[in-house]
Amino acid sequence: MTLATRTEDRYPTRIPAYAANRPIERTDPTVWSTEADGPIDAASLAGYEAKGFSIVEGLLSPAEVQAYWQELVRLCKDPELKRDDRVIAEKSANEVRSIFEVHKLSGLIAELARDPRVLDRARQLLGSEVYLHQTRVNYMPGYQGKGFYWHSDFETWHAEDGMPAPRAVSISIALTDNYPFNGGLMVMPGSHRMFLPCAGETPDEHYRASLREQEFGIPKQDQITMLAVDHGIEQFTGPAGSALLFDSNLMHGSGNNITPFPRSNIFLVFNSVANTLVEPFSAGKPRPEYIASREFTALTR
Ligand code: 6CS
Ligand code: FE
């Protein structure tokens with residue numbers, strides 16, 4: 001590969017420990033367009049710019065929640081799917097943890113990604129046409145649901161999928177009530193403006209372990225402490241049907257769920273068509289396309 005084609009790496013990560021101890025100031029905008037370009041009003045845009053996330057209460061109606069919940073149950077019980085690589089089981093139990101590329105397994109979810117309430121918000125935040133980088137359903141079942149340690153999604157998508165800049169947004173739609181006690185997502189407001197390089201080299205086929213329990217691409221504790229002290233921690237709680245929109249570089253994590261109440265959501269990740277994947281910035285091979293799509297055609301209604 002000649003130097004000319006190598007995309008400049010403004011967010012180096014998975015580097016030796018001595019070098020991975022200084023946060024990098026984000027050099028990209030968070031919100032890429034204005035109130036005139038979509039359904040999000042100026043105040044909510046300003047909130048998203050400042051905090052790196054925004055909550056939409058009642059994005060889905062109770063009837064829609066019921067329909068998508070049925071879809072999750074159908075997918076979860078599908079015997080064919082059980083052996084599919086896109087189904088990730090919990091580490092400690094034979095329970096479904098996540099199903100990836102769910103927009104290809106469910107026409108209903110494919111439609112949801114094109115719904116103006118979802119698609120127009122993603123376009124407005126990213127200031128361009130968008131495509132689906134990744135979709136999944138997380139079950140976070142009762143009693144056995146294991147959480148996700150603190151991480152930035154963009155750190156992984158940059159290192160392992162070749163995503164050049166943090167110009168992507170995740171939309172997490174709650175299909176069950178999110179309580180503080182059943183593994184609700186925790187976020188550090190404003191942390192999206194700092195990129196924390198992580199130490200260590202990406203192991204081959206890292207995704208086979210990381211999607212169950214991530215060990216590489218997580219920041220050192222003193223860096224997490226610094227962010228938590230500077231920004232605090234907020235938790236996404238709310239009734240089924242609410243949605244959390246969050247920046248790809250927002251520091252987030254969730255606890256285990258030992259309650260009887262599942263914390264299930266649909267997770268749609270939109271990337272800008274101006275930010276399409278190149279070679280991984282810090283991994284040997286790109287991850288499979290069901291985790292990081294390389295179909296860059298813009299989504300239309
Ligand atoms: O590696 C990934 O792409 C996934 N891992 C986590 C913990 N969150 C984002 C994403 O779904
Ligand atoms: Fe994540």
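In which segment does Arg14 lie? Arg14 lies in the segment before strand 1, and the report returns to this residue below.

## Basis of the description

This is a predicted model, in which local features need pLDDT of at least 70 and side-chain atom pairs count only at pLDDT 80 or more, while totals for chains, interfaces and linings use all residues. Residues are numbered from 1 along each chain as its sequence is written, chains are lettered from A and ligands numbered from 1 in the order in which they are written, and side-chain values use heavy atoms, with hydrogens and water left out.

## Overall form

The chain contains nine helices and 13 strands, where helices (H or I, at least four residues) and strands (E, at least two) are DSSP runs numbered from the N terminus. Its C-alpha trace spans about 50 × 45 × 40 Å along the principal axes.

Of the contacts in the chain with a separation of 6 or more, 86% join residues 24 or more positions apart, a contact being heavy atoms within 4.5 Å.

## Surface and charge

The accessible surface comes to about 12800 Å², and 55% of that surface belongs to carbon and sulfur atoms; such areas come from the Shrake-Rupley method with a 1.4 Å probe, and for residues only the protein chains shown count as cover. Of the 301 residues, 54% count as buried, where buried means under 20% relative accessible area, exposed over 50%, and partly exposed in between (1.4 Å probe, protein chains only).

The chain has 30 positive and 39 negative charges, whose mean positions are 3 Å apart. Here Lys and Arg count as positive and Asp and Glu as negative, while His and the chain ends are not counted; the place of a charge is NZ of Lys, CZ of Arg, CG of Asp or CD of Glu.

## Nonpolar cores

A nonpolar core is a set of buried Ala, Val, Leu, Ile, Met, Phe, Trp, Tyr and Cys residues joined through side-chain atoms within 4.5 Å. The largest one has 39 residues, and those with the most contacts inside it are Ile99, Ile173, Ile266, Leu268 and Phe270. Helix 6 (residues 116-126) supplies the largest share of this core, namely five residues. Apart from it lies another core, of 18 residues, which includes Phe53, Tyr131, Trp157 and Ala292.

When neighbours within four places in sequence are left aside, Ile173 is in contact with several residues, among them Leu59, Leu60, Leu112, Val118 and Ile266.

## Individual residues

Arg14, in the segment before strand 1, has a phi near 60°, a positive value in a residue other than glycine, and is buried, with a relative accessible area of 4%. Glu101 also is not a glycine and has a positive phi of about 50°; this residue is found in the loop between strand 4 (96-100) and helix 4 (102-105), and is buried at 12%.

Thr7, in the segment before strand 1 (24-25), is partly exposed, with a relative accessible area of 27%. Although Thr7 and Pro164 are 157 residues apart in sequence, they are 7.5 Å apart in space, C-alpha to C-alpha. Gln223, found in helix 9 (residues 221-231), counts as buried at 4% relative accessibility, and, not counting residues up to four places away in sequence, Gln223 touches Ala20, Asn21, Arg22, Leu196 and Pro197.
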